Amino acid sequence: MEPKLVYTGKTKNVYALENGNYLLKFKDDCTGEDGVFDPGMNTVGLTIEGVGDVNLRMSIYFFEKLKAAGVRTHYVSADLNETTMEVLPAKVFGHGLEVICRLRAVGSFFRRYGEYVEEGAELPSYVEMTFKNDAKGDPLVTKDGLIVLGVMTDKQYDDIKAQTQQITAVVADEMKKRGLELYDIKFEFGYDANGEVMLIDEIASGNMRVYKDGQYIQPMELSRLFFA
């Protein structure tokens with residue numbers, strides 16, 4: 001029996017499997033505009049041959065590392081020939097939440113707080129959360145806000161923060177081994193039927209900001225350097 005398509009995403013399609021799990025099919029479509037790649041955009045702007053493959057490769061690499069470290073994720077298995085990943089079912093928080101861990105003050109963090117911090121200054125694995133809402137500019141939300149709005153519990157927030165910092169340390173360490181420096185990274189979390197938090201989606205170069213010798217590395221180049 002063929003898996004049933006349940007969601008068509010910008011960079012991945014989602015299929016339902018008979019065993020209750022889901023299958024993610026990675027695509028070569030990339031977010032951007034007018035043929036220019038931009039991981040922050042929410043529209044498909046171009047197709048880069050092989051990007052689905054490298055995104056899946058990096059995700060497998062890190063999900064296997066996290067499994068060995070005892071971190072809960074939705075990852076079950078993957079098939080590089082089919083560019084697919086089998087994952088556990090999970091509910092998202094609210095209508096979608098992004099969790100960012102920042103090791104240096106760049107990007108939107110520096111734009112917001114530039115009068116208090118120098119650009120590129122080190123940060124102590126600073127965690128912030130934003131609602132996925134293009135129309136409202138992905139607004140920041142505090143722990144108290146998430147609890148008051150009924151999006152998550154106090155414990156779920158603490159679990160997400162702790163896991164985010166733990167996962168970021170794993171990614172940063174792997175980058176450091178390759179002469180690269182992780183500045184910030186974006187994650188998505190969900191929860192299972194028991195309310196237990198787990199990392200979902202992917203861990204790919206388009207979700208992180210990485211520098212080499214003070215210069216920003218474009219995502220496709222980062223994938224090439226990572227597996228060189």
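The legends below describe close-up views of a predicted model. Local features require pLDDT of at least 70 and side-chain atom pairs pLDDT 80 or more, whereas totals for chains, interfaces and linings use all residues. Residues are numbered from 1 along each chain as its sequence is written, and side-chain values use heavy atoms, with hydrogens and water left out.

**View 1. The aromatic pair F63 and Y75 is stacked.** Rings of Phe, Tyr and Trp (its six-membered ring) are paired if their centres lie within 6.5 Å; planes under 30 degrees apart are called stacked, over 60 edge-to-face and the rest tilted. This rule gives 12 aromatic pairs. Because the planes of F63 and Y75 are at 5 degrees, with the ring centres 5.5 Å apart, this pair counts as stacked. Helices (H or I, at least four residues) and strands (E, at least two) are DSSP runs, numbered from the N terminus. F63 is buried at a relative accessible area of 0%, and Y75 is buried at 8%. Buried denotes under 20% relative accessible area, exposed over 50%, and partly exposed the range in between (1.4 Å probe, protein chains only).

**View 2. Y183 and Y211 form a stacked aromatic pair.** The centre-to-centre distance is 3.8 Å, and the planes make an angle of 15 degrees. Y183 is part of strand 13 (residues 181-191) and Y211 of strand 15 (residues 208-212), so the pair ties together parts 28 residues apart in sequence. Both Y183 and Y211 are buried.

**View 3. Charged side-chain ends sit over the rings of F26 and F226.** The criterion is that NZ of Lys or CZ of Arg lies within 6 Å of the ring centre and within 35 degrees of the ring normal. The charged end of K12 is 5.4 Å from the ring centre of F26; for R178 and F226 the distance is 3.8 Å. F226 also belongs to a cluster that ring pairs form with Y61, F62 and F227.

**View 4. Helix 5 (residues 219-226) has buried residues P219, L222, S223 and F226.** These residues lie on the same side of helix 5, because they cover an arc of only 100 degrees around the axis. The arc is taken from the directions from the helix axis to the C-beta atoms.

**View 5. Helix 1 packs against helix 4 (residues 154-177) and crosses helix 5.** Axes are lines fitted to C-alpha atoms, for helices over the stretch in contact, and angles between N-to-C directions run from 0 to 180 degrees. The axes of helix 1 and helix 4 are 11 Å apart, at an angle of about 125 degrees. Helix 1 and helix 5 come within 10 Å, axis to axis, and cross at roughly 55 degrees. Helix 1 is therefore oblique to helix 4 and likewise oblique to helix 5; angles under 35 degrees count as roughly parallel, over 145 as roughly antiparallel, 65 to 115 as roughly perpendicular and the rest as oblique. The crossing with helix 4 is right-handed, and that with helix 5 is left-handed. A left-handed crossing has the near helix turned anticlockwise from the far one by less than a right angle, and a right-handed crossing has it turned clockwise.

**View 6. R57 is located in helix 1, and E122 in strand 11 (residues 122-131).** R57 is partly exposed, at 37% relative accessible area, and E122 is exposed, at 65%. The C-alpha atoms of R57 and E196 are separated by 26 Å.
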